[in-house]
Amino acid sequence: MTTATQEKNWAHVDLTKVPNMRVPAPGPKSKALHARCTKYFKGLSGQVKLFPVSFESGSGCVLRDVDGNEYIDFSSGIYVTTLGHCHPKVSEAIAKYANQLMNAHDFTTEIKTRLCEKLADVLPGDLNGFQFYDAGTAAVEAGMRVLRAATGKNELISCFYDFHGKTYGAVSLAEIRSPVYGRVRAPGMHMVPRPNPYRPMWSKTDGTIDTDKYLEFYDEYINRATVNDVAGFVLEPIQGWGGSVIPPDDFFPKLRKFCDERKILLMADEVLTSWARTGKFLCMEHWGVLPDVVSIGKGFGNGFPVTCVAVRDQFKESFEKISASSSYGGNPMACAAALASTEVIEEENLLERSTHLGELAMKRMEKMKAEHKIVGDVRAKGCLMGIELVKDKKTKEPLNKAGEMVYQKAFAKGLAWIPAGHILRMSPPVIMEDDVLMKGLDMIDEAIGETEKELGY
Ligand SMILES: Cc1ncc(COP(=O)(O)O)c(C=O)c1O
């Protein structure tokens, strides 16, 4: 049994040894393995295409590639390994059930029962009904089916720049222009703008964002563009793929009221923002808003593919109507991973830690914004962070080229992280020590400076 102290030591990073770039990355072994693999494995993300390194192992906040280079992790996989790579308690829990019982369809098991009890305990309000899945997109689809079953209505509304997954229902609530996503939105799916404080569509005379105008538009939109059969809104609390965009504090409380007045349900897609990522179990807790339905994923199992749909008491029975079970949903290994992850967050006070790291990062990034011409905006909520790069701070025109350059330069220095066009997205594990976070941000700062020089700023 690993003790809490051992776990703490396990999370320690010796900054005199890491990052450690033994050979320029991607090194020869990385390149050779990548070439062998990609002969067959197709459809890589932009992250890999821009820096095709091959990883071998990870421990806590450190990743090691096949050439022996060691990186500070600023991506947690892709917002997944929130407690660091291979957290001993989570790994032991998975291993136990890998040797005891791997799948029992949706029959009751003790580990699933304990997970449900724990979730009812840590989640706010009466979010007491659960079903489990193996991917975020599957949880989002199930959540949408609950919205329809609970209301008997069909239409759903999401927002510009939201992302909800890659199955057809989920892509129909996002940008669908790309041929990859089918080009044709599923019937009854709508999208409306949502407030982005850095790029307001409607602002007040003092320049601050005017949330009320967005809600007025939703009212008009529902009257004019729907068939008045709206089951629910489906929104990310903070947009991840859209660039760590944090809404103004009054948005979700107002949206909740708007939905209640019209008997429309509110689903929070917390696949990316939940389980300590922003400093709470649910990001919506920051605004004291209780959604009717929530999708939870990524950090939920700290790397084991397990996701969840949680619903309020009054909607529990809707799970009966939607034929909710699946092949892998709620399998014992998955439940063990999710239960262990939840317990680790509590035992190691990781909600507080995530909040603290976000505050530290914000101070450091504000300095970058003051010092760099191309840093237009910086934002953080816990360990969900973003830096927006622009050609000019006045026009706010996006500077995509710089995004790629900064990403590659910082990666080459030993920072494993996530690019997204002109918005640099950071998602470090929440167990990270303060000095490691600062080191990672220093590396980004340096990379931005080098990029500015090369681009002639
Ligand atoms: C908010 C949100 N919802 C859903 C998904 C889909 O999750 P998955 O990739 O596990 O299917 C993602 C993935 O990035 C996400 O960020």
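## Close-up views of a predicted model

View 1. Residues are numbered from 1 along each chain as its sequence is written, and side-chain values use heavy atoms, with hydrogens and water left out.

**View 2. The surroundings of the ligand.** Look for Ala135, Gly136, Thr137, Phe163, His164, Gly165, Glu236, Asp269, Val271, Leu272 and Lys298 around the ligand; a residue is near a molecule if one of its heavy atoms lies within 4 Å of it. By class, this shell has four nonpolar, four polar and three charged residues. Here Ala, Val, Leu, Ile, Met, Phe, Trp, Tyr, Cys and Pro count as nonpolar, Asp, Glu, Lys and Arg as charged, and the others, Gly among them, as polar.

**View 3. Atom pairs at the ligand.** An oxygen atom of the ligand lies 2.8 Å from a backbone N or O atom of Gly136. A polar backbone atom of Thr137 is 2.9 Å from an oxygen atom of the ligand. In the side chain of Asp269, an N or O atom is 2.7 Å from a nitrogen atom of the ligand. Taken alone, the ligand exposes 390 Å², and the protein buries 78% of that; accessible areas come from the Shrake-Rupley method with a 1.4 Å probe.

**View 4. Arg379 in its strand.** Arg379 lies in strand β11 (residues 375–381); strands (E, at least two residues) and helices (H or I, at least four) are DSSP runs, numbered from the N terminus. Arg379 counts as buried because its relative accessibility is 7%, where buried means under 20% relative accessible area, exposed over 50%, and partly exposed in between (1.4 Å probe, protein chains only). Its side chain makes a polar contact with the side chain of Glu388 (2.7 Å). Such a contact is a pair of N or O atoms within 3.5 Å; within protein, one must be able to donate a hydrogen and the other to accept it, and residues adjacent in sequence count only if both atoms are side-chain atoms.

**View 5. Two cis peptide bonds.** Most peptide bonds are trans. A cis bond joins Val18 and Pro19, with omega about 0°, and another joins Ala25 and Pro26, with omega about -5°. Pro19 sits in the loop between α1 (4–10) and α2 (28–38).

Technical notes. This is a predicted model: local features need pLDDT of at least 70, side-chain atom pairs count only at pLDDT 80 or more; totals for chains, interfaces and linings use all residues.
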